[in-house]
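Here is a short note for someone opening this entry for the first time. Please read the points with the model in view.

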Amino acid sequence: MTGTVYLVGSGPGDPDLMTVKARRLIEEADVILHDKLPGPAILDQLPADAREDVGKRAGGERTSQEHTNRRMVELAREGKSVVRLKGGDPFVFGRGGEEAEYLAAHDVPFEVVPGVTSAVAGPGVAGIPLTHREHTSSVSFVTGHEDPTKDESAVDWEALAATGGTIVVLMGVGKLPAYTQALLDAGLAADTPVALVERATWPDQRVACGTLETAVDVRDREEIEPPALTIIGTVAATRERVFDYLRNSTQEVHQ
């Protein structure tokens with residue numbers, strides 16, 4: 001009998017933010033296919049005899065997506081219960097859609113277990129609301145790390161600038177100069193508030209604030225590194241009014 005593959009979102013990295021269902025499936029799984037994105041606090045809790053790393057390997061090599069796809073099918077056909085553990089939510093820039101299609105094409109049953117995406121959790125723990133009645137009623141989620149084989153970016157930064165809403169860029173630390181300039185060229189004001197949240201909900205979380213014009217300098221000065229997300233919009237400035245009372249205990253702040 002073919003086993004089931006569970007595409008499980010582990011949340012932004014704090015084990016307390018994992019769902020009850022995710023924890024149960026991890027405990028019951030025969031094999032857990034994971035990469036590094038769930039974060040050390042979660043990975044250290046995985047059963048040693050069930051975990052299989054499909055992320056980075058020794059020597060800097062990475063496991064290909066093709067290998068991960070094949071491995072899920074192989075294990076399921078052996079009748080195993082397989083958890084494919086992903087950071088955040090499986091269907092928010094997590095290749096969950098690709099893996100679901102691959103499993104369906106190979107007649108393997110699967111179940112999606114949503115997780116708390118860092119796109120929402122990161123701003124929240126930094127004291128930044130993605131929407132606010134006095135600022136914006138819309139939010140856009142964008143990847144800063146597109147498929148390198150594309151001839152050009154699929155992100156329309158000019159259209160995003162025109163929405164007037166909050167823009168959240170995931171995996172965009174390296175490309176920060178390119179898209180901040182694209183937004184400036186599209187007419188977004190240079191003094192638009194920007195916040196960079198590094199390792200959201202992890203013990204070494206950091207937040208650095210600036211503007212669209214100064215964001216790159218802030219990133220370099222504070223040495224912000226991946227994994228991090230960028231929040232662009234007037235809501236990013238509201239944290240100044242709440243920070244003194246914010247009690248997200250892991251937070252270190254660099255203004």
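1. Start at tyrosine 179. Its relative accessibility is 3%, so tyrosine 179 counts as buried. Buried here means under 20% relative accessible area, exposed means over 50%, and partly exposed lies in between (1.4 Å probe, protein chains only). Tryptophan 157 has 13% relative accessibility, so tryptophan 157 is buried as well.

2. A word on the source. This is a predicted model: local features need pLDDT of at least 70, side-chain atom pairs count only at pLDDT 80 or more, and totals for chains, interfaces and linings use all residues. Residues are numbered from 1 along each chain as its sequence is written, and side-chain values use heavy atoms, with hydrogens and water left out.

3. Now the rings. Rings of Phe, Tyr and Trp (its six-membered ring) pair if their centres lie within 6.5 Å; planes under 30 degrees apart count as stacked, over 60 as edge-to-face and the rest as tilted. The count is one aromatic pair. The ring centres of tryptophan 157 and tyrosine 179 are 5.2 Å apart and their planes meet at 10°, so this pair is stacked. It links distant parts of the chain: tryptophan 157 sits in helix H6 (residues 157-163) and tyrosine 179 in helix H7 (residues 176-185), 22 residues apart.

4. Next, the fold. The chain has nine helices and eleven strands. Helices (H or I, at least four residues) and strands (E, at least two) are DSSP runs, numbered from the N terminus.

5. Size and packing come next. The C-alpha trace spans about 60 × 45 × 40 Å along its principal axes. Of the 255 residues, 46% are buried. Among contacts with a separation of 6 or more, 70% join residues 24 or more positions apart. Contact means heavy atoms within 4.5 Å.

6. Charges deserve a look. The chain carries 25 positive and 40 negative side chains, and the centres of the two sets lie 4 Å apart. Lys and Arg count as positive, Asp and Glu as negative; His and the chain ends are not counted. Each charge is placed at NZ of Lys, CZ of Arg, CG of Asp or CD of Glu.

7. Is leucine 37 buried or exposed? At 55% relative accessibility, leucine 37 counts as exposed. Leucine 37 lies in the loop between strand E2 (31-34) and helix H2 (40-43). Leaving aside neighbours within four places in sequence, leucine 37 is in contact with Gly87 and Trp202.
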